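Take a look at the complex below. The report that follows goes through confidence, contacts, domains and core.

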Amino acid sequence: MANLAKFRRNRFASVLVLFFALAVVSIGFSGVNKLVTPAAAKIGSEESLVDKGSALFAEGCSSCHGLNGQGTSDGPTLAGVGAASVHFQVSTGRMPMAAPGAQVMRKAPSYNEEETLALAAYVATFGPGPAIPSEEQVNEWQNASVSEGGELFRTNCAQCHNFAGSGGALTNGKYAPSLGQATPLQIYEAMITGPQSMPIFSDETLTPESKAAIIRYIQELNKSENPGGMDLGRLGPVTEGLVLWVVGLGVLIIFAVWIGARVR
Amino acid sequence: MTNKFDINNTFDPDNENQAPKVSKEVATKLPTPAKGVDHYLRRTDTDPKAAKRAERQVAAFFGASSLFTLIFVVSFFAIPRETKIAVSLIGVTSAQNIVLGTSFGLAILFIGIGAIHWAKKLMPDVEMVQERKEMKPADEVQQEALDAFRVGATESGVGQRKLIRRSLLGALALFPLPFVVMLRDLGPAPKGELRKTAWQEDLHIVTDITYEKIRPEDIPVGNLISAMPENILEIQEEEGNLNERGKSAILLVRMRPEDIKSQQGPDWDYQGIVAYSKICTHVGCPIALYEQRTHHLLCPCHQSTFDLADSGQPIFGPAARRLPQLAITVDEEGYLVARQGFQEPIGPSFWERGA
Amino acid sequence: MSNTTVNKKTPAAYNYVDSRVGFSAALKRNMRKVFPDHWSFMLGEIALYSFLILLLTGTFLTLWYKPSMTEVIYNGSYIPLKGIPMSEAYASTLEISFDVRGGMLLRQIHHWAALFFIAAMVVHLLRVFFTGAYRKPREFNWLLGIALLTLGLLAGFSGYSLPDDLLSGVGLKIASGIIQALPVVGTWALYFLFGGEFPGTEVISRLYSIHILLLPGAILALVTAHLLLVWTQKHTQYPGPGRTEKNVVGYPLLPVYTAKAGGFFFIVFGVTTLLGALVTINPIWLYGPYTPDQVTAGSQPDWYIGFLEGSLRVMPAIEFNIFNTWTFSPNVLIPALILPGLMFALMGAYPFLESWITGDKREHNLLDRPRNAPTRTALGTMSLSFYILLWIGGGNDIIATTFNLSINAITWFMRVALIAVPPLVFIATRRICLGLQRNDLDKLLHGKETGRILRLPEGGFVEVHEPVSEAELPKLLARETYPVWELPQKVDANGIKTPKYRRQLMKAKLSAWWTKGDLPIPTMKEIQSGQHHAHEALEQAHEFGVEPGKEEIVTSTNH
């Protein structure tokens, strides 16, 4: 273990990690997130990934999105949504969709990570769109400032996802989901692709450093440290009031009944 | 009420001094044990062992209380402030808070439980009766009191000496005036500040928190930016408060130009990028719950909903007025700037606001 | 008790003080003062004790809290906020929470106690209302109670705002928006409260002096008056054996009541402290410092402001422009000011309205059972349903996300329900009350159902009734009816106009409405024959070998 830890700090380690990341991540690209042309995605071993994705797509997605992702009455076109969007939707289990509704819910994913990447690689060939951010880019949060992240979170995220990322209501039954289960990669992808009602926060207007800080803050929130005791879902005064009336006053009234009751 | 067994409980409104509810009077005269209604002997009354046991229980509660107080004092000094512990149902929490709180809470609670256990088990539980008097004193007493007052009032001469009475009333009426007058300096006179914001022609639009200038090509369709005027920090510094931040906050969103149904002025957008005030026109919460597909903007406070594709018109909730739009364009370097200030007051209504 | 030997010697210390203060007469009168014992009489005590807890913990909090809006850079021990600019007020609240040992506990006890204080006042008010305890001679105490509730709400809101966190700041912004909407004086009022525009740099220190000096002082004074009146008027009691309008049955101040009330103080304090230790309240460190351009989803006030939040949310968008010069905002003024004003005014006026309708000007020391005043009870539940609907409306976003509903649908439902539900509740409650009355009457006239079916020799079946117990009889008898005022003639026989005709007409109509459906009061003879009949039926049952009831009940009726 100690050796491994030492190795992690070796300067070749990062190269190795990068290599590994490149092998896993469907689209060969690094650096700042740019729109990737379908041609660029098709290099080397990517081709087999795309083929695999094509097969999976025909089987699992084409009934709604059309054989070539052109969209049908049951599902929108996927031209130009980009690999990041596919990876977000499939890895959070939102796609394939269980049932139509005001909003697609998070559930256990139907595809494993490799299949998801294959699907993403295939859909990326439909048209240019945001690519899956590199592992480096995502892991940058470990070096980011948590307090700066908090400020950015409160300015850009808290209005929908609530002060602690517990989620909140939008119009007509839609909602901003809780961030408790979201991985750093998924958070990053959500910000650059704007799934469902969520607006996009492009890398130019909310820089990768800012995104890293936001992810850092969300990780801090997800540690669920509650210095004051039970957090009541971190929903604010509504649940506090509920606890007061049901538990607090309930207990006191039970005591009052005990005090007033006759002893035999 | 001739027949005392006739309990016609219809209250007679003509008889002001009617005796209190007859039925309840009668109720007491029904066969009841003479005293100590419904009284049972407790085990602690009959069994000395039970009484002794209760005594020990009470003492145990008080003893436990002392113990917990000591635990509080010891842990106050013994547990470092930053120690964390994992507790089921709570998660990771402050060891100090939870230990201090539970020990203190139990110390207090056990005093209470002990005292009540004592009262219930060992103190006499025979109910006692006490007579009430009507609140209204006897007529003679009332008369005596009034007489005393009248004598005093007459001796003072306040009734006859009108000059004194009136001048005194005048003085007393005026005496609080200085206090009222001094309240004047609670705040400055309004000078139309509610109508003004920092926005003006050619002022750069910068992102909030990071304060970067923005190029339109960096904003994809569906993008949301919380933005500020470029000089916001200087204004804050100068004014020493956050007032301007509460007025100049705007939202920038980009939609496809063909999605824009209407705007508050001709071509106030820049290639589908529109800028609206972030301050709700209802009671002034900042709103940024933007749904990029519907272009609806929802206020988290009272759920007023505005359509940013349609001049920021309110479409749901209590807000009655549209969100003011800021006309924008780009400068020669290609950064987004305001074309002019807001053309109407931002935020909630106020009386002098007008149309 | 009787065989305890009492030491007759006057202790020297007692004599020393009494010679200078002379309190023996007062002590003699009050040491054994009788207090009736019932759990529902302790709800007000919870409020009183919470107030004491608030004074105690609040005093501690002032030792560290800094009521200043001066901007500082946080450098305390809560890492996620390090280096962030914030007001001194917020920074010092973080200091209390994370750097003062036991400070977090104090803050949380204080906040929980504040929620308890107002909640206990509300349930106490409901108890007083539904039992008719506000009737003569206690009308002033009712008014004092309503004043205390109002002050409690203000104290709560002013305290909630002091940490200057994002959530309370948004609350303060809403308050400023409401003030600003006032006709004519709005802008001036805003500038006077905030020392200029919102948020300015004054409001926290002003709220602080209101919160720690003005309001607690006023509450303390009114609580004292409230208790003094309870003391001199003596507590009300429920009807029961041996209890009349002219006596009070219960336990003496010393020892039982002292032990119970004193013990209950420690229980309330203990439970509040345990909540403070185990359950987070107002996690200001998660909300972040207030800046007027940030907001969080689920922006809510504490529960007691929830009904106002709800009324603001369900109010449709109505705003007028007068001559294009002035803006008048019913969409803010009706839900935020007129509605609560009306609610409190109606509450305050209620005892006087009721006694005007019924014409009842007598002293009442025995409480009504809610069923015996059906119209009052129905008015109470009706108002309560209105309040609860507003309350639910105030949390519609949390309800929407918890139960997968649409906030728009909930808001529309509330708009309809606020008008439709209270009248239905009124009708249903009155019917339930009358049904319960009928049940009581049945017990009086035919005895109590035992559930034992008896087969008669002729082959028929009857249910055995047993006489009502002595403990229950006074409760059943404690019902009275009020007369319906006659409809006045516009002009009398001599052609003279009836003075105050309209008022009399209204009173007559209201009293008819008030007493609608009232059951007749049985005469004692009817009751006696009914109980006797039940007794006979029971004896008959014995003859047939049916399992007898409780011996003491059977033997105690109708000698």
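## Confidence

pLDDT is the predictor's confidence in each residue, on a scale from 0 to 100. This is a predicted model, so that score comes up at once. Chain C has a mean pLDDT of 91. In chain C, 96% of the residues reach 70 or more.

Over residues 548-559 of chain C, pLDDT stays under 50. For this stretch the model has 19 contacts beyond four places in sequence. For the complex, the predictor gives an ipTM of 0.92. The pTM is 0.91.

## Where chain B meets chain C

How many residues does each chain bring to the contact? Chain B gives 98 residues and chain C gives 114 residues. On the side of chain B, five named elements give two or more residues: helix H1 (22-29), helix H4 (95-121), strand S3 (128-131), helix H9 (245-248) and strand S11 (313-316). H4(B) has the largest share of that side, with 18 residues. By class, the side of chain B that touches chain C has 51 nonpolar, 28 polar and 19 charged residues.

Strands also join the two chains. S3(B) pairs with strand S4 (residues 247-252) of chain C. The pairing is antiparallel and runs over four bridges. Take B:Met128: its bridge partner in S4(C) is C:Gly250.

## Two domains in chain C

Chain C is divided into two parts: domain 1 (37-291) and domain 2 (442-555). How far apart are the C-alpha centres of these domains? For domain 1 and domain 2 of chain C, the distance is 46 Å. The contact between them takes four residues from domain 1 of chain C and five residues from domain 2 of chain C. On the domain 1 side, two residues are nonpolar, one is polar and one is charged.

## The largest nonpolar core

In soluble globular proteins, nonpolar side chains tend to be buried together. Here, the largest nonpolar core holds 265 residues. Which residues touch the most other members? They are A:Val123, B:Ile205, B:Leu252, B:Ile328 and C:Phe117. Helix H5 (residues 103-130) of chain C gives the most to this core, with 19 residues.

Now zoom in on C:Phe117. Leaving out residues up to four places away in sequence, C:Phe117 touches C:Ala47, C:Ser50, C:Phe51, C:Leu54 and C:Gly152.

Definitions and conventions
Residues numbered from 1 in each chain as written. Chains lettered and ligands numbered in written order. Predicted model: local features only at pLDDT ≥ 70, side-chain atom pairs only at ≥ 80, totals over all residues. Contact = placed C-beta atoms within 7 Å. Nonpolar A, V, L, I, M, F, W, Y, C, P; charged D, E, K, R; others polar. Pairing = 2+ DSSP bridges. Domains from an automatic or database assignment. Core = buried A, V, L, I, M, F, W, Y, C linked by C-beta atoms within 7 Å. Buried ≥ 20, exposed ≤ 12 C-beta atoms within 10 Å, placed from the backbone.
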